[in-house]
Amino acid sequence: MIDKRLARWVFLSTFLVVLLSPAVALAAEEVAGEWQSYVAKAIGAGIAMAVSALAAGYAQAKIGSAGAGTLAERPEAAVWVIVLQALPEFIVLLGFVAALLIVQMPVTPA
Amino acid sequence: MSPEVATTRQRSAPAGGDFGYSNARIRGMRSRLLRRDFLDTLIEGTDIKRFVQELTDTEYGPDLEEALIAGLSASSVDTALKNNMVRTFQKVLGFLNDEAEVLVTTLLGRWDVFNIKTVLRAKQMGLGHEEFVDGLLPVASLGPVDLEALASLPDIKAVVDTIVTWGLPFASAVREGHAAFLQSGELAELELALDRYYAEWAASRLKGRRVNTRIARDVLQMQVDISNLVMTLRLQKEDVESIDASRFFLEGGAVVTAELYDELVKMSDIDEVLDRLRGSRYGRVLDDVAMLYLEVNSIAVFERALEDLLTRRILGLAKGDPLGVGVAISYLWAKQNEVTNLRIIVKGKAVGMPIDRVRKELILV
């Protein structure tokens, strides 16, 4: 139960962070000066990257644990286990893209 | 003293509530359970030699090779099948997480009761060690060494004293049951004390509101219900009015409460009992075999139907929460079922039982 709640929480927070961090950076840029914009963008990009990496790590830990169990009994499923183990990397990639977009937003002085 | 073996078992299990590893592993093991058509091949095989050949390429291969060193016989094949089951159960218990281990060992506790009862019955009948030791299944807290030790004791008193000395959970129940047995001379007193203790002990270990605890408790409650129902049906069949039926009631069932039990045992015949149970989770299966009961006139028909219902229910747990304890419970039951079926086939081959009769005896749910 705790695992499911945690997984749901991680998924939702990742989703929100990836969606909202560019918005936060944009909002900060509108009300702040040039250097504050850089800081806000860096924080937004950092959050997007960090949370998505943590979420991917959590997912990979779970998949890795189940994968180890599968391989102990069915070594022939190794390819499938590796593919499944790599899937959560997409979460990090999305976070990375979001972070990149945030960082590359043009800075407009207030 | 070996009960400690169970508590100090070397475990490399994941801690806490991580079911991912154990359930994935169990699913892998489940994929190696024998299929129905393979069982058909075994049933239709000509003799035990053919049976062994077919099984050599399966999970049972290593156990068969080991047991057959002593020579090919129904007994050695039976030993190999039993060893495989014991080994599999120990393996699963070795990698379950802490939560699942408590739940599963509680449910497996019924095998301890079964084994102790078997030893006690054998001692009362004066059977020799070799005559009953094959029937013991060391899959719970009592390991092979413990059961060997109990089986080699000379009489019931020695068995009771040893269990008390070992300080097993069942010690107090066995001691009380033994006192009652000495007074009445009925071994049923001792067996009843064991059953009652197990039901209470298991219920106390399966308290709580966690999903996995609820799953295990549901299984236990069904077992208790079935035990009570079979008892009421037996009392109906025997039509014994002088016996205090409430003595045989086991606490902890979900459907068969003490009130319903009293009501059922006071009914005039089995038809009335079936009518009263209609609408409950057991009503339909009992109705389905009512005609068969009239044909064969044996309570075993109802007993088998209820056991099949329990097995179906437990096997269905594998389709529930993929990260829950149901996967492990379901697999262990499926494995036990498979080994029971294989042992039936071997025994059938050994005594030349007709194929149709063997098929009837198998537990195919």
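I looked up B:Arg359 and found it partly exposed, because 17 other C-beta atoms lie within 10 Å. The cut-offs I used, with C-beta atoms placed from the backbone, are 20 or more other C-beta atoms within 10 Å for buried, 12 or fewer for exposed, and partly exposed in between.

I note that this is a predicted model, where local features need pLDDT of at least 70, side-chain atom pairs count only at pLDDT 80 or more, and totals for chains, interfaces and linings use all residues. Residues are numbered from 1 along each chain as its sequence is written, and chains are lettered from A and ligands numbered from 1 in the order in which they are written.

I placed B:Arg359 in helix α20 (residues 355-361) of chain B.

I recorded spans of about 55 × 50 × 45 Å for the C-alpha trace of chain B along its principal axes. Of its 365 residues, 36% count as buried.

Last, I checked contacts (C-beta atoms, placed from the backbone, within 7 Å). In chain B, 65% of the contacts between residues at least 6 apart in sequence join residues at least 24 apart. Across the chains, 14 residues of chain B are in contact with 12 residues of chain A. Helix α2 (residues 20-30) gives the largest share of the chain B side, seven residues.

Definitions and conventions: Helices (H or I, at least four residues) and strands (E, at least two) are DSSP runs, numbered from the N terminus. Two residues are in contact if their C-beta atoms, placed from the backbone, lie within 7 Å.
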